[in-house]
Amino acid sequence: LGELRAFFRVSGATGYNTNADTTCNERKRIMAIQAPEGTFDLLPGEAAFWDHFRATAFDTFARYGYHPIETPLFEQTDLFVRGIGEATDVVSKEMFTAISGGNMQKLLAGEKLKSKSRLSLRPEGTAGVVRAVVQHNLVPQGGAPAKLMYAGPMFRAERPQKGRLRQFRQVGIECLGAEEPTVDAEAIIMLMRFFVRIGIPAGDMRLLLNSMGCEKCRPAYREMVREFIRAHESEMCEECNRRADINPLRAFDCKNSECAAVMANAPKIIDHLCDDCREHYEAVKRYLDAAGIAYEEDSKLVRGLDYYTRTVFEVQVDNGMGSQNAIGGGGRYDKLAEEVGGRATPGLGFALGYERCVLALEAAGADTLVARGLDLFVVCVDDSARDRAFALVQACRDAGVQCDMDHQGRSVKSQFKLADKLGANFVMTLGPDELAAGEATLRNMLTHEERAVALDTVAAALSA
Ligand code: AMP
């Protein structure tokens, strides 16, 4: 709080320097502001690829009956604390808290915020979607499952590195209201189909599969792992010893090589599943086998969030990824709806990371930029053509043609260069002769074919 106060004394209530007396010279000395650490801009060709990526994902998932949903970028902090779990890294260390101006004043005055005013930027999509399903009763008792898909930014205050950002994009699905293993298998098949469709070579991917058990069999297993860690206390890092008390299964994820060596001999959940969980897991594998989906069973796969039950899976890629090699993952969460205050509703979901997929695609030599394109560029020979050109491009746009003209008084030569740079398929040159004749030549920039077109019919000719 002290630091906050100091910050605000220096820069005023908004945190920005609003001093109206700032002179021109002072302004010049202000450094150009960069995007915050761990974030980056998607520039035009990249943003167009994100559009394509999301549209391809939604088109794939719609074939399986999924419908889009949009939830807020921030939620009550309690949702994540209750849903994801207080002991997870995501909640305990990585959440960005959102504080409105008014609430900041209250905090500075030493007041406590009501829980509905304690807000956090969403670190993942599942908790918000499940909250929406409960709030709007999207799975009425006995109703069909809600199959939902989303795409958008997530926020985690992690230490940025290759493939690990503070704002990143996820595309995900959630299926609530059905616990049959067909849902699990179908979602995994759909995820793998999407990855291949977007261009990640099947041979580059590894699908890991495990079951986390349920509230019947997991507590006893968790206790066994806790005992195991305690028995190897001296060989394991401080963090794992701390985890033994609150979240022992996370020790399977420890990057420390000595811990990993110890945990390789820890009891395996797969040997301790109850009959129902075993049957469910075997059925998921049967459906995957029948669909020809290759997977590796990995009993160390526990995934970072507390809410998983039964099936968990992760897709990893090694090429071009550094240490962050998971491009997507998910699992079943049959208790989550209750955790956030709803009726018992089984659920399953996955999320895939856009930026990591881009790394995987680039490593595979695939294109991750969508080239700029334009149907028509109108070149003006001189100013006398400008008004007619302005009206012509407008008529073309209204007819659905993507077109543009020069807005900077460039020479004819440089207008042609610009048309080329913008990727124009056709170029039309307008000057006094064309205006007098009421027609101009439409040049196909690829084939170099030319044809005369009446100025009034250009829009119709190009939109046909
Ligand atoms: P999770 O919600 O942790 O299961 O993450 C799902 C997917 O989102 C991962 O497989 C990654 O592809 C991606 N992802 C998670 N955290 C980050 C991050 N900090 N930066 C970039 N991508 C991430």
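Biologist: Which residues of H7 are buried?
Modeller: The buried residues of H7 are Thr126, Ala127, Gly128, Val129, Val130, Arg131, Ala132 and Val133. Buried means under 20% relative accessible area, exposed over 50%, and partly exposed in between, with a 1.4 Å probe and protein chains only. Helices (H or I, at least four residues) and strands (E, at least two) are DSSP runs, numbered from the N terminus.

Biologist: What kind of model is this?
Modeller: This is a predicted model, in which local features need pLDDT of at least 70, side-chain atom pairs count only at pLDDT 80 or more, and totals for chains, interfaces and linings use all residues. Residues are numbered from 1 along each chain as its sequence is written, and side-chain values use heavy atoms, with hydrogens and water left out.

Biologist: Back to H7: what do its buried residues pack against?
Modeller: They pack against strand S2 (74–76), helix H4 (77–83), strand S5 (146–155), strand S6 (167–176) and H13. Contact here means heavy atoms within 4.5 Å. Helix H7 (residues 126–135) has 8 of its 10 residues buried, so it is largely enclosed by the rest of the structure.

Biologist: And what happens just after H7?
Modeller: Asn137 takes a positive phi of about 50 degrees there. Asn137 is also among the residues in contact with Arg343, together with Val139, Pro140, Gln141, Ala337 and Glu338, leaving aside neighbours of Arg343 within four places in sequence.

Biologist: Where is Arg343 found?
Modeller: Arg343 is in the loop between helix H13 (336–339) and strand S11 (347–353). Its relative accessible area is 37%, so Arg343 is partly exposed.

Biologist: Which backbone oxygen does its side chain reach?
Modeller: The Arg343 side chain reaches the backbone oxygen of Val139 at 2.7 Å. The C-alpha atoms of Arg343 and Gln141 are separated by 8.9 Å, although these residues are 202 residues apart along the chain.

Biologist: A change of topic: is strand S7 paired in the parallel or the antiparallel sense with S9?
Modeller: S7 and strand S9 (residues 309–317) pair in the antiparallel sense over 7 bridges, and Asn210 stands opposite Val312 in S9. Two strands pair if DSSP finds at least two bridges between them.

Biologist: What about S8?
Modeller: S7 and strand S8 (residues 296–297) pair in the parallel sense over 2 bridges, with Leu209 opposite Glu297 in S8.

Biologist: Why is S7 largely enclosed?
Modeller: Strand S7 (residues 205–211) is largely enclosed by the rest of the structure because 6 of its 7 residues are buried.

Note on methods. A polar contact is a pair of N or O atoms within 3.5 Å; within protein, one must be able to donate a hydrogen and the other to accept it, and residues adjacent in sequence count only if both atoms are side-chain atoms.
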